[in-house]
Amino acid sequence: MNSSERRLKLMLLLQQPGKRLTVDELAERFDVSRRTIFRDFNALQEINVPVTWDRYSGYGLIEGYKVPPLMFTSKELATIMVGLNFVKSQVDQGLVEDAKGVEVKIKNVLPDELKEFMTSLEGRTIVDPYLRFGGEKKKGGSWYLISSAIAQQKRLQFEYTTKSGDSGIRKIDPYILVFYQDHWNVIGKSHLRGEIRNFILEKVEEVKILDENYHLNNDLDIEGLIFRSEKSSQSIILQVKKEEMSRLEANLPAKIIKKTQVNSEFIKVSFKFDNLDFINEWLLQFGKKVKIEEPKELIEKRKKLLREMLDN
């Protein structure tokens, strides 16, 4: 328990009507030293919390003083609801349950008028309904352990199942968590190959935080980690209908390197990608509004895939 959390709980204990506690009782309750409790009292007095002392019964708060309820404006609360509903739309069952727990805790400390506002919003602020209502919820990833390791710059070890079904133990330096389309990923340096790799959380099991720190030589290049080009990446050139350009840019799993106007209807874009089969299927959502110029291998893959779809 950190000092801020302990001091909040200390205030809640002392504000109970008729409740007074000695330093020894508080030190035992929080499993800290007497000196730490005195430091906590000094910190509370600095923010004008009216701590009182009685030589016979111990410490308390001035009668009638209440810890202010958690306060948000209605706009802030609406923003929180959007965030919580995004998390509740995830396929990771653990994330969904954690979001519901946060929602309950916030609701329990809100004033009545904001509690009613939150209740009215919770069932009517929906983020990504196709994921929330349509997808099967799964266990996997231990996202909290992974995020904790990232915060502490600790190495991770876990069992990972690849797309081909092979399983093995991985050890990584975890750098960032990234949500892409319908799943979470952890990106970090793999000790198996000594390279930056991407791991899908739902394929991660038996996560352990190791007692080994890693160090970053430079500030993290978040964009570089997400849009990095692998050695196997190929240059891809497309012609995209102008009205579809914003949708493609918002969802393309790569960074556009160049964008030029072809004519009044089409824009030419180029980027690099390492999986032609994946990008081929991904591009089908745009139909004839996207034309492939290069590479020829991708054009042939599209023709083959369309023939297979027609044969089925």
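**Helix packing, nonpolar cores and local backbone features**

Ser-74, Leu-77, Ala-78, Met-81 and Asn-85 of helix H4 are in contact with Leu-114, Phe-117, Met-118, Leu-121 and Glu-122 of helix H6, where contact means heavy atoms within 4.5 Å, and where helices (H or I, at least four residues) and strands (E, at least two) are DSSP runs numbered from the N terminus. The model is a predicted one, in which local features need pLDDT of at least 70 and side-chain atom pairs count only at pLDDT 80 or more, whereas totals for chains, interfaces and linings use all residues. Residues are numbered from 1 along each chain as its sequence is written, and side-chain values use heavy atoms, with hydrogens and water left out.

By class, the contact of H4 with H6 comprises 7 nonpolar, 2 polar and 1 charged residues; here Ala, Val, Leu, Ile, Met, Phe, Trp, Tyr, Cys and Pro count as nonpolar, Asp, Glu, Lys and Arg as charged, and the others, Gly among them, as polar. The axes of H4 (residues 74-88) and H6 (residues 112-122) come within 10 Å and cross at roughly 35°, the axes being lines fitted to C-alpha atoms, for helices over the stretch in contact, and the angles running from 0 to 180 degrees between N-to-C directions. The crossing of H4 and H6 is right-handed, a crossing being right-handed if the near helix is turned clockwise from the far one by less than a right angle, and left-handed if anticlockwise.

The crossing of H1 and H2 is right-handed, and Arg-6, Lys-9, Leu-10 and Leu-13 of H1 make the contact with Leu-26, Arg-29 and Phe-30 of H2. The residues of this contact of H1 with H2 divide into 4 nonpolar and 3 charged, with no polar residue.

Helix H11 (residues 276-283) and helix H12 (residues 296-311) pack at an angle of about 60°, with their axes 10 Å apart, which makes H11 oblique to H12. The crossing of H11 and H12 is right-handed. On the H11 side the contact is made by Leu-276, Asp-277, Ile-279, Asn-280, Glu-281 and Leu-283, and on the H12 side by Glu-297, Leu-298, Lys-301, Arg-302 and Leu-305; the residues of the contact of H11 with H12 divide into 5 nonpolar, 1 polar and 5 charged. Lys-303 is also found in H12, and at 41% relative accessibility Lys-303 counts as partly exposed, buried meaning under 20% relative accessible area, exposed over 50%, and partly exposed in between (1.4 Å probe, protein chains only). Lys-303 and Asn-280 lie 23 residues apart in sequence and 9.9 Å apart in space, C-alpha to C-alpha.

In soluble globular proteins, nonpolar side chains tend to be buried together. The largest nonpolar core has 20 residues, of which Ile-236, Leu-238, Leu-248, Leu-252, Phe-271, Ile-279 and Leu-283 touch the most other members; a nonpolar core is a set of buried Ala, Val, Leu, Ile, Met, Phe, Trp, Tyr and Cys residues joined through side-chain atoms within 4.5 Å. Two or more residues of this core are given by each of strand S8 (234-241), helix H10 (245-251), strand S10 (266-273), H11 and strand S11 (290-294). With residues up to four places away in sequence not counted, Ile-236 touches Val-269, Ser-270, Phe-271, Phe-273, Leu-276, Ile-279, Glu-294, Pro-295 and Leu-298.

A cis peptide bond, with omega about 0°, joins Glu-294 and Pro-295, and Pro-295 is placed in the loop between S11 and H12. Gln-153, although not a glycine, has a positive phi of about 55°; Gln-153 is found in the loop between helix H8 (143-152) and strand S3 (154-161) and is partly exposed, with a relative accessible area of 28%. Glu-206, likewise a residue other than glycine, has a positive phi near 50°; Glu-206 is placed in strand S7 (residues 204-213) and is exposed, with a relative accessible area of 58%.

Notes. Angles under 35 degrees count as roughly parallel, over 145 as roughly antiparallel, 65 to 115 as roughly perpendicular and the rest as oblique.
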